[in-house]
Amino acid sequence: MRKGVLIFGEEMLSILVAFLALMLLGSNFLILEKRTNFYIADERMNLVADNIADMIAKRYVDPRGNVDLVKLNTTFRDKVEVSIGEAHFGSYAPDNVNVYSARRLVFVNNQSVLMEVKVWP
(Lines give C-alpha, C1' and ligand atoms only; values in the text may rest on other atoms or scores of the structure.)
Protein backbone atom coordinates (compact mmCIF):
# COMPACT_ATOMS: atom_id res chain seq x y z
CA MET A 1 0.00 0.00 0.00
CA ARG A 2 2.77 2.35 0.82
CA LYS A 3 4.44 1.70 -2.54
CA GLY A 4 1.22 2.43 -4.44
CA VAL A 5 0.70 5.75 -2.66
CA LEU A 6 4.27 6.77 -3.44
CA ILE A 7 3.87 5.99 -7.15
CA PHE A 8 0.53 7.78 -7.23
CA GLY A 9 2.16 10.82 -5.60
CA GLU A 10 5.02 10.88 -8.11
CA GLU A 11 2.57 10.66 -11.01
CA MET A 12 0.56 13.56 -9.61
CA LEU A 13 3.74 15.58 -9.19
CA SER A 14 4.79 14.92 -12.79
CA ILE A 15 1.30 15.87 -14.02
CA LEU A 16 1.46 19.06 -11.96
CA VAL A 17 4.90 19.94 -13.38
CA ALA A 18 3.69 19.27 -16.94
CA PHE A 19 0.61 21.45 -16.34
CA LEU A 20 2.74 24.29 -14.99
CA ALA A 21 5.13 24.00 -17.94
CA LEU A 22 2.21 24.23 -20.39
CA MET A 23 0.81 27.25 -18.55
CA LEU A 24 4.20 28.98 -18.68
CA LEU A 25 4.52 28.23 -22.38
CA GLY A 26 1.02 29.58 -23.04
CA SER A 27 1.67 32.77 -21.10
CA ASN A 28 4.88 33.33 -23.07
CA PHE A 29 2.92 33.08 -26.34
CA LEU A 30 0.35 35.58 -25.05
CA ILE A 31 3.07 38.03 -24.01
CA LEU A 32 4.82 37.60 -27.35
CA GLU A 33 1.59 38.30 -29.22
CA LYS A 34 0.94 41.43 -27.15
CA ARG A 35 4.45 42.76 -27.76
CA THR A 36 4.24 41.95 -31.47
CA ASN A 37 0.95 43.82 -31.80
CA PHE A 38 2.44 46.81 -29.97
CA TYR A 39 5.51 46.88 -32.22
CA ILE A 40 3.37 46.58 -35.35
CA ALA A 41 1.18 49.49 -34.25
CA ASP A 42 4.27 51.50 -33.34
CA GLU A 43 5.86 50.90 -36.75
CA ARG A 44 2.58 51.72 -38.48
CA MET A 45 2.41 55.13 -36.81
CA ASN A 46 6.03 55.83 -37.77
CA LEU A 47 5.13 55.03 -41.38
CA VAL A 48 2.08 57.32 -41.20
CA ALA A 49 4.29 60.23 -40.11
CA ASP A 50 6.82 59.40 -42.82
CA ASN A 51 4.12 59.18 -45.51
CA ILE A 52 2.60 62.53 -44.51
CA ALA A 53 6.04 64.15 -44.67
CA ASP A 54 6.58 62.64 -48.13
CA MET A 55 3.14 63.77 -49.27
CA ILE A 56 3.88 67.34 -48.16
CA ALA A 57 7.24 67.25 -49.90
CA LYS A 58 5.67 65.99 -53.14
CA ARG A 59 2.57 68.20 -53.27
CA TYR A 60 3.64 71.50 -51.76
CA VAL A 61 7.25 71.87 -52.84
CA ASP A 62 8.08 73.55 -56.14
CA PRO A 63 10.91 72.39 -58.44
CA ARG A 64 13.37 74.77 -56.75
CA GLY A 65 12.62 73.14 -53.37
CA ASN A 66 10.58 75.94 -51.80
CA VAL A 67 7.49 75.01 -49.77
CA ASP A 68 4.22 76.78 -50.59
CA LEU A 69 3.01 77.60 -47.08
CA VAL A 70 -0.33 79.03 -48.27
CA LYS A 71 -1.43 75.75 -49.84
CA LEU A 72 -0.03 73.79 -46.93
CA ASN A 73 -2.19 75.70 -44.46
CA THR A 74 -5.45 74.53 -46.07
CA THR A 75 -5.14 70.75 -45.88
CA PHE A 76 -4.72 69.00 -42.55
CA ARG A 77 -6.20 66.03 -40.78
CA ASP A 78 -6.84 65.65 -37.09
CA LYS A 79 -3.96 64.48 -34.92
CA VAL A 80 -1.27 65.92 -37.23
CA GLU A 81 1.14 68.69 -36.35
CA VAL A 82 3.53 70.18 -38.93
CA SER A 83 6.29 72.61 -38.06
CA ILE A 84 8.32 74.24 -40.82
CA GLY A 85 10.84 76.59 -39.32
CA GLU A 86 8.79 79.10 -37.33
CA ALA A 87 5.52 78.23 -39.10
CA HIS A 88 3.17 75.82 -37.35
CA PHE A 89 0.17 74.01 -38.88
CA GLY A 90 -2.42 71.69 -37.39
CA SER A 91 -3.16 70.98 -33.76
CA TYR A 92 -0.52 70.63 -31.07
CA ALA A 93 0.54 67.17 -29.92
CA PRO A 94 -0.79 66.23 -26.47
CA ASP A 95 1.57 65.43 -23.63
CA ASN A 96 0.07 62.13 -22.47
CA VAL A 97 0.27 60.01 -25.66
CA ASN A 98 3.00 58.55 -27.86
CA VAL A 99 3.99 61.01 -30.57
CA TYR A 100 5.63 59.79 -33.78
CA SER A 101 7.59 62.17 -35.95
CA ALA A 102 9.34 62.42 -39.30
CA ARG A 103 11.72 65.16 -40.40
CA ARG A 104 12.64 66.51 -43.82
CA LEU A 105 14.91 69.32 -44.96
CA VAL A 106 12.96 71.82 -47.10
CA PHE A 107 13.45 75.38 -48.31
CA VAL A 108 11.38 78.46 -47.47
CA ASN A 109 12.36 81.60 -49.38
CA ASN A 110 15.55 79.83 -50.50
CA GLN A 111 16.55 79.22 -46.87
CA SER A 112 16.91 75.63 -45.69
CA VAL A 113 14.67 74.79 -42.73
CA LEU A 114 13.67 71.62 -40.94
CA MET A 115 10.12 70.34 -41.48
CA GLU A 116 8.84 68.12 -38.69
CA VAL A 117 5.63 66.13 -38.94
CA LYS A 118 4.16 64.73 -35.73
CA VAL A 119 1.24 62.28 -35.54
CA TRP A 120 -0.40 60.50 -32.63
CA PRO A 121 -3.08 57.83 -32.29
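Start by selecting M23, which sits in helix α1, a helix made of residues 2-59. Keep in mind as you go that this is a predicted model.

**Stop 1: a patch on the helix side chain you picked**

**Stop 2**

Now show the strands. In what order do the 4 strands lie? They form an open sheet in the order β2-β1-β4-β3, with antiparallel pairing. Colour β2 (87-90) and β3 (100-108) to see the edge strands, each of which pairs on one side only. On average, neighbouring strands of this sheet are turned by 15° against each other, ignoring direction.

Zoom in on strand β1, residues 80-84. This strand runs antiparallel to β2, and 4 bridges join the two. To look at a bridge, select S83 and then H88, its bridge partner in β2.

**Stop 2: the salt bridges**

Side chains of opposite charge can pair when their charged atoms come close. How many salt bridges does this structure hold? There are 3 salt bridges to find.

Select D50 and R104: their side chains meet in a salt bridge, at 2.3 Å from N to O. D50 belongs to helix α1 and R104 to strand β3, so this pair ties together parts that are 54 residues apart in sequence. Check the surface here too: D50 is partly exposed at 27% relative accessibility, and R104 is partly exposed with a relative accessible area of 22%.

Because D54 lies in helix α1 and R104 in strand β3, the pair ties together parts 50 residues apart in sequence. D54 counts as partly exposed, at 27% relative accessibility. Show D50, D54 and R104 together and you have a network of salt bridges.

For the last stop, select E116 and R103. Their side chains meet in a salt bridge, at 3.1 Å from N to O. The pair links distant parts of the chain, with E116 in strand β4 (residues 111-119) and R103 in strand β3, 13 residues apart. Is E116 buried or exposed? E116 is buried, because its relative accessible area is 16%, and buried means under 20%.

Terms used. Residues numbered from 1 in each chain as written. Predicted model: local features only at pLDDT ≥ 70, side-chain atom pairs only at ≥ 80, totals over all residues. Heavy atoms only, no water. Pairing = 2+ DSSP bridges. Axes fitted to C-alpha atoms, helices over the stretch in contact; angles between N-to-C directions. Salt bridge = Lys/Arg side-chain N within 4 Å of Asp/Glu carboxyl O. Buried < 20%, exposed > 50% of the residue type's maximum accessible area, 1.4 Å probe, protein only.
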